[in-house]
Amino acid sequence: MRLAISQAMKSADEVPVGAAIYDCEGNLLSVAHNTRESTYDPTGHAEILALREASRSLGSWRLEGSSIFISLEPCVMCAGAIRNARVSFVTFGAYNPLGAAGSLYDILRDRRLGSVPEITSGVLEQECERLTHNFFASKRDGARQ
C-alpha cells in the first residue's frame with residue numbers, strides 16, 4: 001500500500017490515486033497514478049493504467065493470482081476492469097463515496113459477474129484519506145482566492 005500511496009503523491013494536479021499490481025509470487029508488475037487531467041483521457045485512472053501495464057508485462061489480459069493495491073476505493077469503471085482482468089486480490093485504503101467496492105455499488109463482490117476477488121479495505125486508511133482531503137481542500141482554497 002505504501003507504493004500505491006507514493007504513486008498517488010505523484011498525481012500533481014490530479015485526484016491523488018495510486019495503484020500497484022503484484023503477481024502471485026509477489027513480484028511487482030506495475031505501478032501507476034491518475035493522469036486523467038494531464039492526458040485528457042477519461043480512462044486515465046491509476047487502476048486502468050496499472051492493469052494495462054501489468055497485462056503487457058505478463059503478456060496476457062488475464063491477471064489471475066495477482067494483487068492490486070489502490071489508495072482509494074475503485075470507481076465503477078475501475079472495479080469493472082479489475083473484475084474483467086480476473087485480479088484475485090484487491091486491497092484499498094480510503095473509502096470513496098462514489099466507490100464500487102461497497103460504498104455506493106459493490107461490483108467487486110457481485111457474484112453474477114463470475115469469481116469474486118478477495119477484498120481488503122481500510123489499509124492505511126487515514127493516510128489515504130488525508131491525500132484526497134488535502135487535494136480537494138487545496139482546490140476549494142484556490143477557488144476562494
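Biologist: Why is S67 called buried?

Modeller: In this predicted model, S67 has a relative accessible area of 15%. S67 lies in strand 3 and touches A20, I21, Y22, V87 and F89, leaving aside residues up to four places away in sequence. Of the 145 residues in the protein chain, 44% are buried.

Biologist: What makes strand 2 and strand 5 edge strands?

Modeller: The sheet is open, with 5 strands in the order 2-1-3-4-5 and mixed pairing. Strand 2 (28-33) and strand 5 (118-120) each pair on one side only, and on average neighbouring strands are turned by 15° against each other, direction ignored.

Biologist: How do you know that strand 4 and strand 5 pair?

Modeller: Pairing requires at least two bridges between two strands. Strand 4 (residues 89-94) and strand 5 have 3 bridges, in the parallel sense, and therefore count as paired. F89 has E118 of strand 5 as its bridge partner.

Biologist: Which strands does helix 3 touch?

Modeller: Helix 3 (residues 46-58) packs on the sheet and touches strand 1 (18-22), strand 2 and strand 3 (67-72). The direction of helix 3 makes about 155° with that of strand 2.

Biologist: How do you know that the radius of gyration of the protein chain agrees with that of a compact globule?

Modeller: For 145 residues, a compact globule would have a radius of gyration near 15 Å; the protein chain has 15 Å, so the two agree.

Methods: Residues numbered from 1 in each chain as written. Predicted model: local features only at pLDDT ≥ 70, side-chain atom pairs only at ≥ 80, totals over all residues. Heavy atoms only, no water. Helix = DSSP H or I, 4+ residues; strand = E, 2+ residues; numbered from the N terminus. Axes fitted to C-alpha atoms, helices over the stretch in contact; angles between N-to-C directions. Contact = heavy atoms within 4.5 Å. Buried < 20%, exposed > 50% of the residue type's maximum accessible area, 1.4 Å probe, protein only. Rg over C-alpha atoms; globule rule 2.2 N^0.38 Å.
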